[in-house]
Amino acid sequence: MTAKLFALLGSPVEHSMSPLMHNRAFNRLNLPHRYHAFDVEPDKLGEAVESLKVLGVAGWNVTVPHKVSIMEHLDEIDEEAEKIGAVNTVVNENGRLFGSNTDGQGYLDSLLDETGPALKEMRVLIIGAGGAARAVTTVLSRFGVKEIVVTNRTYEKAEAISHICTSNTEVKPMKREETEAEAASRFDLLINTTSIGMSPRIDDMPFPIENIREGAMVSDLIYNPLKTKWLRECEKRGVAIHNGLGMFVGQGARSFERWVNVLPDVQEMKRDVLAQLGG
Ligand code: ATR
């Protein structure tokens, strides 16, 4: 089999876990391929894409700050990525570039691992309305949970998401004050899609915990730290917690699948990343 090169385009990328995760997965499956991270400044993205094409790089991931700007350099973008408005995975088929977004699917895979079929019956609150929120909202609405409410500091963005991301489940925007004051207790699953709680702002919480009811689940897309203050405080109150490691690994696994047509062992990938994070 011919060895292929896969890549990550982002900036910064030096702390990315993706090379380790993908290279280990290639090794485990006895595939001769390699994955390398490239630090690309925003104004060099077009040149970087042309270079990867010339070199025949078979596919790549795209991360911050290129997930939106990559779209203008691609030949085709799938419907879900179009809806989310961002691409994280590119497949290079003989110079023709196909973009997709595996963030949402990766998140759904990891969430289903925790909840099982009960997810269908859950009332979900999504906190934040940026790109990550669009990915999560799009897949949960397609999957068809019982209810989806989006709340955000800037209400207009929550309203915009409700129009863009709705499919099987209607997506409703709600003002922050209203959600915090009374509505929190009626949600079965609360998802933080903001960066609040991420290193170095590890002492902040994205949403008050007082009204979250026991028996509910909270999910944080952050995986560094593995347990944000919000998750720790919720856990103390008897609330089930789900961190962002599963989403990170899940999106990687789904990208891998698009490149080589094999879904790698997600649990093994998770173990590799956890070991690297010292968890
Ligand atoms: P990403 O693409 O990773 O989702 P983003 O598009 O910058 O990142 O979105 C970040 C989200 O976190 C936004 O919903 C943002 O709220 P605004 O729309 O009001 O900007 C939210 N966010 C970030 N910092 C926040 C803070 N300190 N308090 C409340 N919300 C915050």
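**Pocket, sheet and loops**

Modeller: Let's start with the largest pocket, which has a volume of about 1400 Å³. A pocket here is an open set of points on a 1 Å grid over the protein atoms alone, where a 1.4 Å probe fits, with protein on both sides within 12 Å along at least five of seven lines. Grid points are joined across faces, edges and corners, and the volume is the space filled by probe spheres set on the points.

Biologist: Before we go on, what kind of model is this?

Modeller: Residues are numbered from 1 along each chain as its sequence is written, and side-chain values use heavy atoms, with hydrogens and water left out. Local features need pLDDT of at least 70, side-chain atom pairs count only at pLDDT 80 or more, and totals for chains, interfaces and linings use all residues, since the model is predicted.

Biologist: Which residues are closest to the centre of the largest pocket?

Modeller: Lining residues have an atom within 4 Å of a grid point. The largest pocket has 41 of them, and the closest to its centre are T63, V64, K67, M198 and Y223.

Biologist: Which helix gives the most to that lining?

Modeller: Helices are DSSP runs of H or I with at least four residues, strands are runs of E with at least two, and both are numbered from the N terminus. Strand 3 (59–62), helix 5 and helix 9 each supply at least two lining residues. The top giver, with 4 residues, is helix 5.

Biologist: And how many of the lining residues are charged?

Modeller: Asp, Glu, Lys and Arg count as charged; Ala, Val, Leu, Ile, Met, Phe, Trp, Tyr, Cys and Pro as nonpolar; the others, Gly among them, as polar. The lining splits into 20 nonpolar and 17 polar residues, and the charged ones number 4.

Biologist: In what order do the strands of the open sheet of 6 strands run?

Modeller: Two strands pair if DSSP finds at least two bridges between them. The pairing in this sheet is parallel, and the order is 9-8-7-10-11-12. Pairing on one side only are the edge strands, strand 9 (171–174) and strand 12 (240–242).

Biologist: At what angle does helix 5 run to strand 7?

Modeller: Axes are lines fitted to C-alpha atoms, for helices over the stretch in contact (heavy atoms within 4.5 Å). Angles run from 0 to 180 degrees between N-to-C directions. Helix 5 (residues 131–143) lies across strands 7, 8, 9 and 10, and its angle to strand 7 is about 165°.

Biologist: Is N261 buried or exposed?

Modeller: N261 sits in the loop between helix 9 (245–260) and helix 10 (266–277), and has a positive phi of about 60° although it is not a glycine. Buried means under 20% relative accessible area, exposed over 50%, and partly exposed in between, using a 1.4 Å probe and protein chains only. Because its relative accessibility is 71%, N261 counts as exposed.

Biologist: Which residue does a cis peptide bond join to P200?

Modeller: P200 is in the loop between strand 10 (189–192) and strand 11 (217–220). The omega of this cis bond is about 10°, and the residue joined to P200 is S199.
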